[in-house]
Amino acid sequence: MSTLDSLTTDRGGREPQGFVPTALDPDARADQFATTATDRFADAVAERDGALVRRSVWRSRLDDIVRRPALVLALLWSALVVLAAFAPTVLAPGDPLEGVPADKLQPPSAAHWFGTDQLGRDLYTRVVHGTHLTLEAALVAVAVGLVVGAVVGLVAGFVGGVVDDVAMRVVDVLLSIPALLLSLALITVLGFGTVNVAIAVGLANVASVARIMRSEVLRVRTSVFVEASHAGGSRWWTVLGRHVLPNSIGPVVVLAALELGAAVLAVSSLSFLGYGEPPPAPEWGALVAGGRDYLRTSWWLTTLPGLTIVATVLAAGRISRALDGDPGRAR
Amino acid sequence: MTATDQRSERLLTVEDLAVSYRTRHGAVAAVRDVSLHVDAGETVALVGESGSGKSTTAAAVVRLLAPAARIEGGRIDVLGHDVAHASPRTLQQVRGLLVGLVPQDPTVSLNPVKRVGEQVAEVLRIHGLADRRVAGIEAVEALRRAGLPQPEVRARQYPHELSGGMRQRVLIAIALVARPRLLVADEPTSALDVTVQRQILDHVEELTSETGTGVLLITHDLGVAADRADRIVVMSRGRVVESGTPDEVLGDPREEYTKALLAAAPSLRGARLVHGAPAPAPPALEVRGLVKDYPLPRSGGGGTLRAVDDVSFAVPRGRTLALVGESGSGKSTTARLALRLTDPTSGSVLLDGVDVSATRGSALRALRRRVQVVYQNPYASLDPRWSVQRIVTEPLRAFRVGGRREQATRAAELVDLVALPASVLQRRPAELSGGQRQRVAIARALSVRPEIVVLDEPVSALDVSVQAQILDLLTALQRELGVTYLFISHDLAVVRQVAHEVVVLRDGRVVETGDVEHVFASPQHPYTRELLAAIPGARVRVGAPDAAPDSVPGAVPGAVSGATPSEAPDEGGER
Amino acid sequence: MTRYVLRRLGLAVLVLWAAYTVSFLVLYALPGDPVSIMYGGESSDVTPEQLDQLRQQYGLDQPLVVQYLTQLGHALHGDLGTSVVSKQPVTTLLADALPPTLQIAGAALVLAVVAGTTLALVATGTRSRRLSGFLLSLPPLGVAIPSFWLGLTLVQWFSFEIPIFPALGNQGAAAAVLPAITLAVPTSAVIAQMLSRSLLHTLREPYVDTALAKGAGRARVHLRHALRNAALPALTVTGLVVGGLLSGAVVTETVFSRPGIGRLTATSVAAQDIPVVQGVVLVAATVYVLVNLLVDLVYPVLDPRIVTGARSSVSRTTVPATAASTTDDEPGATGSPVDREPVSAGGAR
């Protein structure tokens, strides 16, 4: 469960060198693309040979996506998850709470894709209908974390001075408490339930988002084109809104996708621990917890909901990396 | 330069070399049919602009190509070793022992967490030439030979404690410590100040001529090549276009490309683009007694650093005044002070005789309309997300000049003014070449019809031929619009071409000031003289019929022509 | 150097105090009544009068500032209050719970560092693109697996299918194996991910080319030049990694029904036992602060660019190389960078 904060750790909890996520924008990417020696050279050559003709951005993006099967899978899976969350009956018309006692603890079969539980409820239906709870909680968590964090980071980075110092000291302190523990402390006070879990997870992530946003803002703010805009006579709010924000939000969007995966993990961990909706609700974490007592005999009760979580988090991570311009991909 | 009998031995043979890069746009040929050779005791200069493939060729010689690069064909022979197809083990034997490499940028080419001496000694340890103790002693000796003062002390320091020039000397020591037969120097001084560049190149020449080491010198600067090489190989678009002795290549170039390159090289072409003594016009911009202190970090013992120290000058209306200096001279800080981007510690900035040093708020913004700026690096000074149209009209929007339609019309006018096709308006900076981007930056600066434009190293990030075009453009615009320039540069050769007056800065102080022709013809201060002497290409200039340093070398035919080989076809021809 | 150490120590104490304050604010100052949270609830048979009495007893009827100062004073004397559920002092509970957690967390840390480093080194060092690609795809997987599910799956395989290790409890070393692995997997994934990224980045640095040009072999370049430079950014997040192990213990110890800090946390949150939760948060912050202190003290030894008189903890990543030139922004030093990359202000380096 250290995964939640470890994910954010990787995104630069302490801003290690070289881990600033690259921008999302294709042109910005092309610029960064141009900074490694090889590519710069290749660019020069391509430019020289007239190969760098303007191509449809969407077209080339689509080409890029199709060439990466893992990404295609991730996108398909995400589409399924979203569908399950907002129109669960399309995928599973049955009732997630109603069971047939005679069919209890059936292994997966054509009739019951994921098998049935101890009350004879269809596990597949429960997983599909549980998507709503889990995904909603994760989305709320990400929204809370991103909005609060981005505002704090933007203000700290742009205003600078004392404001920056204070904000960043607070962020440092918040980072000293592992995110999950912070969530737990918040839940202790807020009480149980999906929404409270979501808020707790979101607030626990504010610090790391603020940090990344701030470092991006600083990077952009000190860039030459921002000074050029100042020198050209633009007002500060124009500079903030037109240059700084659009150029620094990219990494935060990348982060959002990654955080969504992390939030799914955190939310289901908390629901596994029993702090989410009370029992019959089919939250993913709670489903795994429910199968715990039948581990010896009915493997599917834990394995299949668990794999669903894994697939969802992986998909989010893959998409995030694609948005980030696949830093690790060999060019 | 050395005895001819040493030239018998062939150190390096490159034959029909072809290298390509895998990119997102498919394989791109970077080097095609390149053949060259280096004999013992000989210095061969490989000259070209960015994208010419010269660095790729150099990297291929030591097989240190980027992962995306592939040798498609040809032969590379280093003293009988087939480098192009050698096994990793053979390559390890060749590198360091037979071929030494001096890389491009000394500031990033040393391992930051290892002591300098250790890094030199490592070569000897790798090749089993010495044990730890002896290697340490020899490393100090190598550093001494490379011209590093106090080598015993330096050897125990870390790279970040040394200046750029010192680090380059360390890298030279690394390259030469095992006494290789061949030295490959890839733009060894392009990251350094001219005076340091000269010292380092002198030193390399001395060291290699002593031992008969062959040198393959990669450079973009024809002047450097002219001064240092026994033979020059000119590359363009991945091919060798011309080769021969400096006299042949520079004195009587056969290829159009070489001619254009030669004509564009500021150190060689020397043709002044502006003329006449500064008119007695009242100064448009004047600074008086400017001082700027920066607090030093407490870790460095605190205190302050005086970046600009009592600088005064006046720029007459419609003229160009150049601020010249090496790194740390305070020229860019002075520019920022003049632009009122930074507040001076003391002193004043005057526009049309009115003191504006304390102007704030909306008055300061109004001021910005009169003084605009063009930055050094067009890759950084344009917002990558914006279209060219939006970029060039940004100041118009900032000052609410005209409506949407007028702004669009003005944008079209502006790109035409800087000789770009109208089609660039909808493009983004990433789709433009460096020269085109700089034109966009110039258009942006001119959009609100400023009286003064501060040009902060406007051409130093560009290739020579593009440099020449931009300089021509700037001077033409001045003639046309009567705009006043404050021109910041480290390059005296460039300054001589475009400026009317010059202010030489060193360590934040003015050392010499005056009319350009005058200062260049008879420099008074020793530092100015040193700077002038360090301009590469002296050999060609001296060899030319008209030997005066500020005249056009007679050997170079023609002025700047429309032939601009390295830029994309839509770069827009010069008038 | 002494000044540096003292500064670090002072900062550590400051962060600890701040963490205490944050936990106090979260647990006592957020809207909501601690006493009714702890003792109230629908199922509770505590009368309002009794609640008032309890409030008085815990000093919770006092203004918030007074409460804070009183509690802080007690905390400084090593008194973190009393558990609402077990009525035992929080410090005793924590002291009892800490050793078994440290046991599995320590084992997990060693495991994670060894596995993560090995994976990163092999993945970036191998000539085989296929192997490298496979290895580099593992960390994202490791990060994506929920540890509660991983723990259960391990139990299913290695306790039920092939009974090697006990499924539950804390009897002996064998019982610690599965929990330690469960904790180690996400942690090692994070280490592997960071280190391999950092290594890939470092291997593109020009000084690596310099080393190769000396005739150095692949292994030498990898281990002697790249690894040390690449490990530096990874080192700065050790505190977060160790903190992650502690919070991972909450889930792991629940899955394996092991006593420890994590289990204590889980039950205390369930019972809304505020003093204990605050105690756990403080333990976590202390561990984080101690680990970071250690890293701060080791760091200058590994990275000579750190000036030990430097003023703030965040300056670490910005100090190198640029420090000398921050006072003047002369672009002249870059000369005419034909064939060189345009050095931008916020460069990738």
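**Chatting through chains C and B**

Colleague: Hi! In chain C, which helix has the lowest confidence and which the highest?
Modeller: Confidence in chain C is lowest in helix α2 (residues 34-39), with a mean of 66, and highest in helix α9 (residues 206-213), at 91. That score is pLDDT, the predictor's confidence in each residue, from 0 to 100. This is a predicted model, in which local features need pLDDT of at least 70 and side-chain atom pairs count only at pLDDT 80 or more, while totals for chains, interfaces and linings use all residues. Residues are numbered from 1 along each chain as its sequence is written, with chains lettered from A and ligands numbered from 1 in the order in which they are written.

Colleague: What does chain C average?
Modeller: A pLDDT of 77, and 81% of its residues score at least 70.

Colleague: Where does pLDDT stay under 50?
Modeller: Over residues 309-349 of chain C, for which the model has 94 contacts beyond four places in sequence. A contact means two C-beta atoms, placed from the backbone, within 7 Å. Where pLDDT is low, the predicted coordinates should not be read in detail.

Colleague: How many helices and strands are there in chain C?
Modeller: There are 13 helices and 0 strands, counting DSSP runs numbered from the N terminus (helices: H or I, at least four residues; strands: E, at least two).

Colleague: And what share of chain C is buried?
Modeller: 47% of the 349 residues; buried means 20 or more other C-beta atoms within 10 Å of a residue's own, with C-beta atoms placed from the backbone.

Colleague: What about the complex scores?
Modeller: The predictor gives an ipTM of 0.78 and a pTM of 0.77.

Colleague: Switching to chain B, what is the strand order in the open sheet of 6 strands?
Modeller: The order is β16-β17-β18-β13-β19-β20, with mixed pairing. Strands pair here if DSSP finds at least two bridges between them.

Colleague: Which strands stand at the edges?
Modeller: β16 (371-374) and β20 (509-515) of chain B; each has a single partner strand, so one side of each lacks a neighbour in the sheet. The twist averages 15° from one strand to the next.

Colleague: In what sense do β13 and β19 of chain B pair, parallel or antiparallel?
Modeller: Parallel, over 4 bridges, between residues 320-324 and 501-506. B:L323 stands opposite B:V503.

Colleague: Which strands does helix α17 of chain B touch?
Modeller: Helix α17 (residues 434-446) packs on the sheet, touching β16 and β17 (452-456), and its direction makes about 175° with that of β16(B). Axes are lines fitted to C-alpha atoms, for helices over the stretch in contact, and angles run from 0 to 180 degrees between N-to-C directions.

How values were computed
A residue is buried if 20 or more other C-beta atoms lie within 10 Å of its own, exposed if 12 or fewer, and partly exposed in between; C-beta atoms are placed from the backbone.
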